[in-house]
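Okay, thanks for coming, everyone.

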Amino acid sequence: RVVAPPAGADHQRARRRRPSGTDARGRASGGRRPRGRGSYNSAELGSLARMGSRPLWQPLVDEADARCAAAGLERVSSLDARARFERGVHLDAAHASALTFTLSAADFAVRAAAADWAPVGFVGNSLGWYTAAHLAGALSFGEALEIVLRTGGWQRRHTVGGQLVYPTQDEGWTPSGELRAAVDGALREANSAGYAALSIDLGGAVVLAADEPGLTSLKAALPPVARGRTRFPLSLPGHSAFHTPLMAPMAAELEQTPPFAPPTSPLVDGSGRLWPAGGEACDVAALREYTIHEQVVAPYRFAHSLETAIGALDPEVLVLLGPGAGLGGAIGQVLSRMRWRGIDSKAAFAQAQRSDRPALITLPPAGAAPAAEAAEERPLAINE
């Protein structure tokens with residue numbers, strides 16, 4: 001069984017093996033600052049070419065290209081096929097969001113056809129929640145993409161506050177009371193200067209969001225921490241204070257979202273709530289309200305979401321959908337905290353990943369052929 005989420009800072013889903021015989025991130029640049037949101041970056045350029053199986057994803061990309069063109073945006077296929085990564089173009093909020101969502105859906109289409117399994121459920125992180133809702137059957141590809149384009153368009157026009165990342169585990173992925181206390185203390189100070197709150201709980205790190213005075217206070221209050229070449233607190237240029245009440249104007253942009261369909265697969269949201277498959281079992285009106293309002297203005301607790309999905313859906317492997325694998329470390333930290341499949345540290349996760357039965361499957365790197373791993377597993381797929 002597998003659970004998978006959408007990509008971009010944002011999804012997971014689960015898959016159940018079929019019986020035999022059945023059918024088959026925003027970064028600053030020179031000039032105008034890009035307001036990106038999603039996981040697409042320079043390493044992900046050319047993702048479509050690496051996926052193979054073009055007939056499986058071409059209809060999705062064609063629809064995305066048409067909708068982007070109608071919105072006055074560059075086509076997804078053109079953006080992904082560029083010879084060079086251009087930060088001011090690729091990290092534009094609407095471009096980055098559309099790329100991340102479309103490539104996640106395309107990756108899933110290829111994997112679902114290649115492996116002898118079907119999803120048991122889906123999880124997403126932040127933007128990836130919209131991908132999870134699509135892959136689970138609650139939204140069509142076009143409906144979910146419209147939400148992505150609407151939120152990306154809003155972020156293109158506005159930047160409200162910002163976000164930064166800070167670790168809460170040590171380098172071996174052991175929870176640190178000292179780092180957690182530093183976060184709590186910094187939030188208290190920031191709320192004296194302005195507004196600050198938890199935005200996303202990744203398990204081994206947190207994303208904090210704040211208005212401008214709050215951000216200044218957080219940066220001053222959080223002790224510097226180094227992880228390799230990365231220095232924390234790490235600002236996310238061009239991001240707004242996502243998943244806080246400051247995003248109420250963005251939520252208003254989604255009021256025209258059509259009714260949801262009953263999901264055909266379970267999915268777990270950012271509060272850790274499991275939405276079951278089926279019209280009688282799932283309150284689709286409440287699912288729509290959560291998607292267009294609640295999760296926009298409330299913390300996204302990705303770690304809790306993943307823990308709930310694994311506990312309730314019992315996957316045998318996790319699948320992190322493309323583009324890229326930026327969420328891989330966060331997933332490993334959650335698995336370590338859960339001691340899932342004997343993984344209890346960063347070293348244990350690395351060892352599992354080197355084995356012939358990895359805990360987490362990701363899109364192949366540049367130059368590698370698309371793999372049909374997990375053919376004998378029951379996977380859980382995750383999207384950013």
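How do the axes of helix 5 and helix 7 cross? First, the ground rules: this is a predicted model, where local features need pLDDT of at least 70, side-chain atom pairs count only at pLDDT 80 or more, and totals for chains, interfaces and linings use all residues. Residues are numbered from 1 along each chain as its sequence is written, and side-chain values use heavy atoms, with hydrogens and water left out.

Back to the helices. The axes of helix 5 (residues 93-114) and helix 7 (residues 141-157) come within 7 Å and cross at roughly 155 degrees. That makes the two helices roughly antiparallel, a label used for angles over 145 degrees. Axes here are lines fitted to C-alpha atoms, for helices over the stretch in contact, with angles running from 0 to 180 degrees between N-to-C directions. Helices (H or I, at least four residues) and strands (E, at least two) are DSSP runs, numbered from the N terminus.

Who touches whom? Contact means heavy atoms within 4.5 Å. On the helix 5 side you'll find, among them, Ala98, Phe101 and Ala105, and they face a helix 7 group including Leu145, Val148 and Gly152. The residues of this contact split into ten nonpolar, six polar and one charged; Ala, Val, Leu, Ile, Met, Phe, Trp, Tyr, Cys and Pro count as nonpolar, Asp, Glu, Lys and Arg as charged, and the others, Gly among them, as polar.

Strand 4 (residues 162-167) pairs with strand 9 over two bridges, and leucine 164 has serine 235 as its bridge partner.

Last stop, aromatics. Tryptophan 173 and phenylalanine 349 make a tilted pair, 5.6 Å centre to centre and 45 degrees between the planes. Rings of Phe, Tyr and Trp (its six-membered ring) pair if their centres lie within 6.5 Å; planes under 30 degrees apart are stacked, over 60 edge-to-face, and the rest tilted.

Conventions: Parallel < 35°, antiparallel > 145°, perpendicular 65-115°, else oblique. Pairing = 2+ DSSP bridges.
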